[in-house]
Amino acid sequence: MDDKILVTQSSMPPFEEYVEMIKPLWESHWLTNMGDYHKRLEDELRTYLKVPEISLTVNGHMALELALQSLNLPKGGEVITTPFTFISTTHAIIRNGLVPVFCDVKEDYTIDESKIEELITEHTVAIVPVHVYGNICNVEEIEQIAYKYDLKVIYDAAHAFGETYQGKGVGSFGDLSTFSFHATKVFNTVEGGGLTFADDALCKEFAAIRQFGMYGKEDAEMLGTNAKMTEFHAAMGLCNLRHVLEEINKRKMAYERYIERLTGVEGIYICPQKENVSYNYAYFPVRFNEEIFGKSRDQMANELIQNGIVPRKYFYPLTSDFTIIKEKFVVQDTPIAGKIADEILTLPLYAGLSEEEVDRICDIVMK
């Protein structure tokens, strides 16, 4: 069908605006290595995200992988995390020589802080919680646990761009928070990511890791990589940031139409929003209880696809169920996360989604 509705659609600035933005690059020939646009984007994001410091990266995964590296955690150390996330979270832990320990989640899809302590051993070195679909973790309880056991906390905030909790930027919690600026996110630089810091000293160390481990130009003092953001990507970010509030408001309108149409439908669970959180409306996840609703999540997904709607089973399967994880690590039992993964479906949500298209989707679901 020509009128397919995909689960997401990248936000883009007006074409002419981006062209004007990149014209100076033809004059300067400065295309990467922390140019003017890179510095400007960091400055503007620091303000928008309400964080003391931020560093940009080539993508969100490298932000998380290098965040863990910058903390110099001992190899073989255990990191408590959630299996209800994208595989990138788990890979970042493993690629740092660390061991993922999977904690179950709550009905809001975030890590169950009440089950973290029972997983802590003498080998535990950090906690990597995930703000899922923009639902903020219980940052107060996690902070208390981390303080009690002297653990580092790195938040995967890929879904939480621009959100605040009690007026505080979500990137200011924990030791570090990482963001994804992938094309499918609320704010994008086509590909890109960012890392926010509680400790300014970590910012300097991370910047060196991102640049081949070099603080200066003549020596590498640590093992690093090349994870810099280019000027073209930073330019896209600067353009998109101008329009991000408008984009979020459009997403909110579509989100609220879904709520209006689907709230109260038996067998459909919609996670309620939390108090004191300003949301970015990045996703619209729903869960289908087959016994009550009459169809499974997979059946509903297939029916939508047959009608030109392309949802996503996100997150499914759990990262702890991936072959590479099960073969190499002990996997903890996480029944709530498993049940959610079997029932979850994210319906299309993006700034350009019209009320009529939301109604078309809802009509199929409720048919």
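Three strands form an open sheet in the order E8-E7-E12, with antiparallel pairing; strands are DSSP runs of E of at least two residues, helices are runs of H or I of at least four, and both are numbered from the N terminus. Two strands pair if DSSP finds at least two bridges between them. Strand E8 (168-169) and strand E12 (277-278) each have a single partner strand and stand at the edges, so one side of each lacks a neighbour in the sheet. Strand E7 (residues 164-165) is joined to E8 by 2 bridges, and Tyr 165 has Lys 168 in E8 as its bridge partner.

This is a predicted model, in which local features need pLDDT of at least 70 and side-chain atom pairs count only at pLDDT 80 or more, while totals for chains, interfaces and linings use all residues. Residues are numbered from 1 along each chain as its sequence is written, and side-chain values use heavy atoms, with hydrogens and water left out.

Two packed helices are described by the angle between their axes and the distance between the axes. For helix H3 (residues 60-70) and helix H6 (residues 200-210), the angle is about 120° and the axes are 10 Å apart; axes are lines fitted to C-alpha atoms, for helices over the stretch in contact, and angles run from 0 to 180 degrees between N-to-C directions.

Most residues other than glycine have a negative phi, and most peptide bonds are trans. His 29 has a positive phi of about 60° and lies in the loop between helix H1 (15-28) and helix H2 (36-48). The peptide bond from Tyr 316 to Pro 317 is cis, with omega near -5°.
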